[in-house]
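Trainee: Could you walk me through reading helices and sheets in a model? I would like the general idea before the details.

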Amino acid sequence: MKWVDKIKQTKFDFARNGRWFIIAPAVILLVGIILFCCLGFNLGLDFTGGAIATITKTETVTKDYVTAKMDDYNIKYTITEERSTSGSTTFAVRFNATSDTERNNEILQELNEYFGDDYVSGDSIQASTSNEKVMTVFWSVLAACVGLMIYMLFRFKITAGITTLLALAHDVLMICALMAILRIEINTSFIAAILTVIAYSINNSLVVFDRVRTFEKNNTENYTLDQMLNKAISSTLVRSILTVATTLATLLVLTIISLIMHLPTLIQFALPIILGLVAGTYSSMFLIAPMYRQFEGARLVRKQRKQDKVK
């Protein structure tokens, strides 16, 4: 394939042009921080607590009809239209009247009486477990980072480990910033999406550094560090593009089906992964090489100075 050969033979200097590619992530992160400080994340009921009522859609029970009823309570709520595999359509009404579940239960009871047979179910959702979920994710990610550093020390260099952690931080922060910008609702599925993106991000970094290590061991042509980094990126570029393209195609199909079938939970799971895959591919292509160049270059300079002092 001609385009594959052109990519592999690219002369672009990935190692020296990192300062240009940090601009876009920096702008996105800045906007995300500003919106987060002003509006916070769009947290779902899994984190805020509240209640959810399921109401069957009929000729008389339309979205406007349900909206008119919910407006009477003067509370924040969302209504999503969901379609089951059997073909029936329901409205999922999510709301949080107060941190006290008693008021939420009262509203559920009133909705049950108001909609009668069209009222399918109602459940209160406790927010008390949200902190436990967040801490579980935090410790899981921390353990993964520690394990990654230990693995990098044995297989690669400490500078590769630091670079991988920074690339990982970039990918996660980009997801969080974009979620704040796009106002996508964050529920427990977001946690699974984050862990999925972390796995992809680590894998992308390992592939690049494995190629760098190969060039360093078999450097018969006396390549410089910049040349080895550029060759490592260009030789893995096709793999990175094809991997993310096939994964994104699957996720986009899933998202389209979810939109057609009115399945918001799947959309809330797929969109963060899509954003994370794009961010991870971006960092592995344009940020890893310049970061590793800085860290490894500084390490080699310190090593050379120590050798000069010994002499």
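Mentor: Let's start with terms: contact means heavy atoms within 4.5 Å. Axes are lines fitted to C-alpha atoms, for helices over the stretch in contact, and angles run from 0 to 180 degrees between N-to-C directions. Helices (H or I, at least four residues) and strands (E, at least two) are DSSP runs, numbered from the N terminus. This is a predicted model: local features need pLDDT of at least 70, side-chain atom pairs count only at pLDDT 80 or more, and totals for chains, interfaces and linings use all residues. Residues are numbered from 1 along each chain as its sequence is written, and side-chain values use heavy atoms, without hydrogens and water.

Trainee: Which strands does helix α5 lie across?

Mentor: Helix α5 (residues 63-71) lies across β1, β2 and β3 (89-95), and runs at about 155 degrees to β2.

Trainee: What is the order of the strands in the open sheet?

Mentor: Strands of a sheet pair through backbone hydrogen bonds, either parallel or antiparallel. Two strands count as paired if DSSP finds at least two bridges between them. Here the 4 strands run β2-β3-β1-β4, with antiparallel pairing. β2 (77-83) and β4 (119-125) are at the edges with a single partner strand each, so one side of each has no neighbour in the sheet. From one strand to the next, the twist averages 15 degrees.

Trainee: How many bridges join β1 and β4?

Mentor: Strand β1 (residues 50-56) pairs with β4 over 6 bridges, in the antiparallel sense. Ala51, for instance, has Ser124 of β4 as its bridge partner.

Trainee: At what angle do α3 and α8 pack?

Mentor: Helix α3 (residues 23-39) and helix α8 (residues 158-182) pack at about 50 degrees, with axes 8 Å apart.
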